[in-house]
Amino acid sequence: MALLDLHEQKRQLNYLAKEFEVLRARLGNLSYTPGVDALRRIGPLLYQAQDLSAVVLVRLNAFRESSHTGVTDGRSSLKCLSSVVVAASLVSNALARALYANPDESMPFPGRRVEDAPARIARQARAILLMNGHLDEAARQLELCARGCRFAATHVVRNQTAAHARRTESAQSKSGPRPPVPGMTRSSP
């Protein structure tokens with residue numbers, strides 16, 4: 001098992017949480033009109049979500065292949081990061097579903113009649129409701145991703161502190177009792 005720099009892991013998890021929050025903010029500020037505009041505005045968010053999913057998976061693999069899994073809270077950190085992988089994947093899924101619900105504004109196929117304006121407006125209104133629902137789901141999952149990364153980072157800090165305390169205790173027990181400091185005496189009860 002590889003040694004894992006827990007301080008660096010904590011830093012990376014907190015950075016990843018911040019990136020999920022930035023994506024959530026971008027999603028919250030998103031305005032679009034159905035059709036090509038929605039594709040241009042939602043597509044990059046999907047790319048970013050997929051990139052973040054990949055980074056979470058890298059962090060999870062780093063944990064799995066480290067000695068971190070042997071410490072008390074190591075397994076809970078692994079489970080937490082696994083849930084972040086799921087949530088990040090659900091973000092990508094929700095964004096993809098929003099794009100799928102996006103109405104096609106291209107020219108109709110030959111032989112298909114052209115929609116009149118009220119039918120097109122009604123279709124776009126239904127699409128906007130569906131798309132907004134998927135975008136809201138993506139925002140909820142992004143919040144879970146950020147929380148999960150911060151939770152795992154907190155466990156890394158706890159584990160780092162606990163590991164340091166165990167090493168100190170182990171070193172003291174191997175070296176035997178400490179000799180008394182000259183000039184100090186113990187009083188008996």
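Does Asp37 count as buried or exposed, and at what relative accessibility?

1. In this predicted model, Asp37 counts as buried, because its relative accessibility of 15% falls below the 20% cut-off. Its salt-bridge partner is Arg40, with the closest N and O atoms 3.8 Å apart. Arg40, by contrast, is exposed, with a relative accessible area of 56%. The two residues sit three apart in helix H2 (residues 36-64), so about one helical turn separates Asp37 from Arg40. The 3.8 Å separation qualifies as a salt bridge because the criterion is within 4 Å.

2. Glu21 and Arg150 form a salt bridge through their side chains, at 2.9 Å from N to O.

3. Within helix H4, Arg140 and Glu137 lie three residues apart, about one turn of the helix. Their side chains meet in a salt bridge, 2.8 Å from N to O. Arg140 is partly exposed, with a relative accessible area of 47%; Glu137 is partly exposed as well, at 26%.

4. A network of salt bridges links Arg24, Glu143 and Arg147.

5. The count of salt bridges in the model comes to seven. Those described here include the pair Asp37 and Arg40, the pair Glu21 and Arg150, and the pair Arg140 and Glu137.

Methods:
Residues numbered from 1 in each chain as written. Predicted model: local features only at pLDDT ≥ 70, side-chain atom pairs only at ≥ 80, totals over all residues. Heavy atoms only, no water. Helix = DSSP H or I, 4+ residues; strand = E, 2+ residues; numbered from the N terminus. Buried < 20%, exposed > 50% of the residue type's maximum accessible area, 1.4 Å probe, protein only.
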